[in-house]
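Hello,

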Protein chains: 2
Amino acid sequence: MKISTKGRYGLTIMIELAKNFGEGPTSLKAIAQANNLSEHYLEQLIAPLRNAGLVKSIRGAYGGYILANEPAKITAGDVIRVLEGPIIIVEGIEDEEAAQKELWIRIRDAIRNVLDNTTLEDLANHSTDSEPEGYMFYI
Amino acid sequence: MKISTKGRYGLTIMIELAKNFGEGPTSLKAIAQANNLSEHYLEQLIAPLRNAGLVKSIRGAYGGYILANEPAKITAGDVIRVLEGPIIIVEGIEDEEAAQKELWIRIRDAIRNVLDNTTLEDLANHSTDSEPEGYMFYI
DNA sequence: TGTTATCCTTAGTAATTTGATAGGCATTAA
DNA sequence: TTAATGCCTATCAAATTACTAAGGATAACA
């Protein structure tokens, strides 16, 4: 179980757009180069973000993308939900698994709380406070 | 992103063993039948649980599995970590993604908190308080 | 008007994971 | 000796992930 590169790269895109908010469109090419990612792959990630109304596109030369809303009004949850799809699917849980229900509800609520209370503004401003390397991200 | 059946079925096994704790071994066959699952598939899930020292096996006729410890001393985190592997891999995060670090840390800690504070005893006793159907588990 | 930079769409694909199924050997209680 | 169980290895179809490839549509700008 993990958060895939879809969610991570998607957040990377959105944070870049948050940093450039109010300064006109940012091209995917610029974002891809700045973060050393495949532009083609990012195109596939931003498509659902556009469909979800989180970003607006400006076509043609010197076009690009802009956030559809202020960075303080877009949460990490908005982005992750679009790109990672349903998290903790325990839908259609069997009666036999009823004992586990409480656990999944607790985990779901804990994650929701973080995702819905962290905005792009939070993430864009935190930029490079560079903690020590070697920290780990296993639960 | 989701918690797969590995984690769910694994918890199902462990909760059954918790219910039968102190009453001798429980066979996988019995657990499989009670929960309408494939016995062969459960074998593959319990192998890592045994290797991790969470359960002990008793071979031969009328054998089965028992918890290696009291239900109150085994947490959901012990089980999930073994079966689901690393959660939220953001290891080897790039410098460019530094802005996201705070988010992953917050989510990691929130999930850890739930997993490490929910024991098999909690889950085994909660059994069938049967909440209304149709609740959802998307984040 | 032509060029170029960009968005947009579809298709393909190798590697990995998931969720099993199958067959058979090893061990032990009765 | 038999039957019940754990244990081990292999196989496999479907889905997902993380891309790559190719090219069309649109619009700024010279």
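A residue is called exposed when its relative accessible area is over 50%, buried when that area is under 20%, and partly exposed in between. Please keep in mind as you read that this is a predicted model.

**Two residues with positive phi**

That cut-off settles the case of A:Asn36, which counts as exposed because its relative accessibility is 68%. A:Asn36 sits in the loop between H2 and H3 of chain A. Its backbone is worth a look too: phi is near 60 degrees, a positive value in a residue that is not glycine. For background, most residues other than glycine have a negative phi.

A:Tyr62 is another residue other than glycine with a positive phi, in this case near 65 degrees. You will find A:Tyr62 in the loop between E1 and E2 of chain A. Is A:Tyr62 buried or exposed? With a relative accessible area of 82%, A:Tyr62 is exposed.

**A buried threonine in a loop**

A:Thr26 also belongs to a loop, the one between helix H1 (5-19) and helix H2 (28-35) of chain A. Here the relative accessibility is 10%, so A:Thr26 counts as buried. What does A:Thr26 touch, leaving aside its neighbours within four places in sequence? Its contacts are A:Leu17, A:Asn20, A:Ile31, A:Gly63, A:Gly64 and A:Tyr65. With A:Asn20 there is a polar contact between the two side chains, at 2.9 Å.

A:Lys2 lies in the segment before H1 of chain A. A:Lys2 counts as partly exposed because its relative accessibility is 47%. Although A:Lys2 and A:Tyr138 are 136 residues apart along the chain, their C-alpha atoms are separated by 9.2 Å.

**Around DNA strand C**

Next, the DNA. How many residues surround DNA strand C? There are 26, and the closest are A:Ser57, B:Thr5, B:Lys6, B:His40 and B:Gln44. Of the atoms of DNA strand C that come within 4 Å of the protein, 62% belong to sugar and phosphate.

- The side chain of A:Glu43 has an N or O atom 2.9 Å from a base nitrogen of DNA strand C.
- A polar backbone atom of A:Ala61 is 3.4 Å from a base nitrogen of DNA strand C.
- A polar backbone atom of B:Ala61 is 3.2 Å from a base oxygen of DNA strand C.

Which elements give two or more residues to the surface near DNA strand C? From chain A they are H2, helix H3 (39-51), strand E1 (55-58) and strand E2 (64-67), and from chain B they are helix H1 (5-19) and helix H3 (39-51). Sorted by class, the surface near DNA strand C has 13 polar, seven nonpolar and six charged residues.

**Helix H1 of chain B**

H1(B) has 15 residues and spans 21 Å from its first C-alpha to its last, close to the 21 Å expected at 1.5 Å a residue. Why can H1(B) be called largely enclosed by the rest of the structure? Because twelve of its 15 residues are buried. Among them are B:Gly7, B:Arg8, B:Tyr9 and B:Gly10, and also B:Leu11, B:Met14 and B:Ala18.

**Aromatic pairs**

Finally, a search of the whole structure finds two aromatic pairs over all chains. In chain A, A:Tyr9 and A:Tyr41 form an edge-to-face pair, 5.9 Å centre to centre with 85 degrees between the planes. A:Tyr9 is in helix H1 of chain A and A:Tyr41 in helix H3 of chain A, so this pair ties together parts that are 32 residues apart in sequence. A:Tyr9 is buried, with a relative accessible area of 19%, while A:Tyr41, at 29%, is partly exposed.

In chain B, B:Tyr9 and B:Tyr41 form an edge-to-face pair, 6.0 Å centre to centre with 85 degrees between the planes. B:Tyr9 lies in helix H1 of chain B and B:Tyr41 in helix H3 of chain B, so here too the pair links parts 32 residues apart in sequence. B:Tyr9 has a relative accessible area of 19% and is buried, whereas B:Tyr41, at 30%, is partly exposed.

Terms used. Residues numbered from 1 in each chain as written. Chains lettered and ligands numbered in written order. Predicted model: local features only at pLDDT ≥ 70, side-chain atom pairs only at ≥ 80, totals over all residues. Heavy atoms only, no water. Helix = DSSP H or I, 4+ residues; strand = E, 2+ residues; numbered from the N terminus. Buried < 20%, exposed > 50% of the residue type's maximum accessible area, 1.4 Å probe, protein only. Polar contact = N/O pair within 3.5 Å; in protein donor to acceptor, adjacent residues only side chain to side chain. Contact = heavy atoms within 4.5 Å. Near = heavy atom within 4 Å. Nonpolar A, V, L, I, M, F, W, Y, C, P; charged D, E, K, R; others polar. Expected span 1.5 Å × (residues − 1). Phe/Tyr/Trp six-rings, centres within 6.5 Å; stacked < 30°, edge-to-face > 60°.
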